[in-house]
Amino acid sequence: MSSESSQPISPEPNSPPSGEGIRRSLRTKRRFNVDAVLAGFTRLGALCIIGMLVALLAVLTIAAWPSITQYKARFLTSSQWRANSREVSVRDAAGHIVFDSDGEMTTKTVPPEFGAWPVIYGTTVSSILALLFAVPLSFGTALFLVRLCPRIIAGTVSFLIEFLAAIPSIAYGMWALFVLAPLLQHYVEPGLRHALSWMPWINRWLFVETQTVVGRTVSQEIPLTGNDMFCGGLVLAIMILPIITAISRDVLKGVPREQLEGTSALGATWWQSSREMLRYSRSGLFGAVMLGLARAAGETMAVTMVCGNNTQVRFSLFAPTQTMSSLLANEFAEANSDIHRAALAEVALILLVMSLLFNIIARWLVVDSSAHAAAH
Amino acid sequence: MPATRRHISPHYQRYLNAKSTVFQGLCVVFAAIVLAVFAFVAFYLFSQGIHHIGLAFFTEMPIPPGMAGAPGGMANALLGTLILIALAGVVGIPLGMLAGIYLAEYSSNSWLGAPVRFISDVLAGVPSIVVGILGYELLVVPMGHYNGYAGAAALAFIMIPIVARTTEEMLRLVPHSYREASIALGASKTRTILKVVIPAATGSLVTGVMLAIARIAGETAPLLFTALGSRLLTLNPANPFPSLTVQVFNYATGPYKDEQDLAWAGMLILIAIVFVLNLTVRFTTSRMQRERRGRAR
């Protein structure tokens with residue numbers, strides 16, 4: 001700074017502040033580097049975030065380790081989820097029960113078997129179902145908001161949709177449990193069954209199950225309870241509508257005006273230029289769909305209340321099911337044995353990896369803020 | 001690319017126009033369906049909640065079914081949620097803000113910035129039940145029993161990425177001229193951040209924190225096996241801790257009709273809290289935007 005003198009001079013008490021005096025008094029002597037303190041603390045905060053992700057992955061892997069080593073790849077493909085051991089009667093080569101000398105059945109104990117395929121199937125199918133319902137509705141709403149909505153109400157409608165994304169998921173779950181599920185049970189599903197009854201192969205496909213038990217094939221009508229995969233998919237669709245709509249709307253708003261004007265200059269109709277808008281922003285829209293998928297896969301409370309909680313792979317949409325998150329919500333607090341807890345931790349690990357994957361893919365495609373809530 | 005034609009016959013043009021009108025109508029119908037579904041859901045929640053809410057909800061403890069005065073109220077759950085949010089905020093808000101300050105002020109000359117930003121976006125999308133399991137493994141197992149600290153920690157885990165990202169964005173909105181003027185006057189970087197930048201962004205930072213609070217106020221899954229829930233009034237977070245969301249979930253999925261009615265009332269309170277917070281955020285944000293535009297002129 002100034003090159004006149006290197007000795008700090010304190011300004012005289014009653015003199016007006018001179019330029020040199022101000023410069024001197026501002027060059028304070030610091031005993032330590034103050035900047036390093038705040039820089040250190042903030043870097044701590046930043047490392048904390050990285051540490052949180054690492055801790056999440058590490059703790060879940062360690063908690064799931066007993067199950068990983070015991071079941072290995074079988075965990076992902078086996079369809080048996082049984083937390084208790086079973087007594088099964090021993091049969092000989094011909095299939096007859098072996099009786100011991102007292103005339104009683106001999107039994108062997110089958111240990112607990114944990115296979116995550118039913119819940120992986122449940123999560124996948126319910127998420128895809130949710131996307132099937134939600135994506136057309138969301139894109140249509142986003143197009144409406146960007147191109148058709150009168151300016152006066154556009155702000156209110158956008159706020160409403162973003163507020164609806166903030167409503168806790170148990171609210172949707174309760175509504176679905178008390179309103180949607182009975183509606184499906186009493187009106188929609190019997191109506192569908194009746195409407196499709198003139199196409200027996202679809203009816204058989206959707207509403208009837210066949211099982212082969214001890215060599216006999218039994219087919220029965222699935223009892224329609226309203227708590228099934230269909231209801232779970234619908235609730236998930238309602239939950240991911242706001243997110244996909246909000247992000248799609250932002251993405252569509254980012255299409256340059258020149259693009260639209262160019263299509264109009266070429267004589268395009270409204271739908272043709274909207275289609276060009278959608279094509280222009282297809283990576284952003286795909287990212288929005290990915291984010292919706294991530295939320296649908298991780299959604300817990302709403303699905304737990306209406307999915308029927310049956311950990312089996314069943315083909316029909318109208319049969320009860322279980323998703324990974326609902327399995328965790330239902331069983332984790334009551335798991336007695338270490339292996340049960342480890343298996344549940346492994347399911348949580350699979351869910352985490354799936355959700356991280358979807359989120360990472362989505363973030364590559366859509367750069368947006370954290371304002372859009374995630375699954376709870 | 002669709003094939004381009006030089007000549008489009010009037011018939012084809014009429015067909016294109018008709019198709020366009022049909023799709024326009026479809027978009028309006030879809031938007032109407034979305035709004036109608038949400039209007040129906042909101043109206044139903046509101047009407048059921050209003051029907052069953054009363055002063056007893058806020059003042060009485062839960063009473064077991066069958067006893068006189070059942071089902072009582074949810075005073076312990078309301079208090080529990082407030083305490084859990086406070087505890088989560090004590091940990092989550094400082095850590096989140098520090099990370100946000102790092103991302104906004106210090107990350108431009110460091111390799112750490114981009115990964116932290118990406119990871120905090122990704123963490124904000126982690127299913128909250130997985131966070132609950134993390135809280136269980138880290139805080140419930142060592143302590144030997146479910147406790148409120150684990151629940152608060154799980155909520156803080158969810159809160160930190162949200163607070164970090166909103167803090168970063170709000171600090172980035174402070175004009176660089178503020179920082180440059182402060183440094184030109186000889187202030188250190190610490191003093192610039194603490195005394196100039198943050199006070200300039202205080203309103204926005206508060207709205208970011210309110211958004212995070214609105215989010216964790218509605219979380220149920222992370223509390224299911226960390227704080228577990230309780231029917232007793234307890235102020236000690238070392239015990240299993242009640243919360244509004246878990247209590248509502250338990251009542252709603254339980255078999256008792258009057259407890260289910262109380263769950264509707266609790267749901268209404270929860271939505272009211274979230275609505276008020278979101279409305280405040282929206283209101284202050286628009287007012288600050290108007291002020292900023294006025295100041296720039």
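Helices are DSSP runs of H or I with at least four residues, numbered from the N terminus. In this predicted model, local features need pLDDT of at least 70 and side-chain atom pairs count only at pLDDT 80 or more, whereas totals for chains, interfaces and linings use all residues. Residues are numbered from 1 along each chain as its sequence is written, chains are lettered from A in the order in which they are written, and side-chain values use heavy atoms, with hydrogens and water left out.

Helix 14 of chain A, residues 338-365, gives the most to a nonpolar patch, with five residues. The patch lies on the surface and is formed by Phe286(A), Leu357(A), Ile360(A), Ile361(A), Trp364(A) and Leu365(A), which together have about 590 Å² of accessible area. Such patches are made of residues with over 30% relative accessible area and no salt bridge, where like charges are joined within 9 Å and nonpolar side chains (Val, Leu, Ile, Met, Phe, Trp, Tyr) within 5 Å; accessible areas come from the Shrake-Rupley method with a 1.4 Å probe, and for residues only the protein chains shown count as cover.

The size of an interface is often given as the accessible area lost when the parts come together. Between chain A and chain B, the buried area (the accessible area, with a 1.4 Å probe, that two parts lose on being put together, summed over both) is about 7,700 Å², and carbon and sulfur atoms give 80% of this area. The contact, which means heavy atoms within 4.5 Å, takes 80 residues from chain A and 85 residues from chain B.

Across this interface the rule finds one salt bridge, defined as a side-chain nitrogen of Lys or Arg within 4 Å of a carboxyl oxygen of Asp or Glu. The salt bridge joins Glu162(A) to Arg282(B), with the closest N and O atoms 3.6 Å apart. On the chain A side, the largest share of the residues that touch chain B, 20 residues, comes from helix 2 (residues 34-71).

Within chain B, the side chains of Glu168(B) and Arg165(B) meet in a salt bridge at 2.7 Å, N to O. Glu168(B) is buried, because its relative accessible area is 2%, and Arg165(B) is also counted as buried, at 7%, where buried means under 20%, exposed over 50% and partly exposed in between (1.4 Å probe, protein chains only). Both residues belong to a network of salt bridges that also links Arg117(B), Asp121(B) and Arg172(B).

Definitions and conventions
Helix = DSSP H or I, 4+ residues; strand = E, 2+ residues; numbered from the N terminus.
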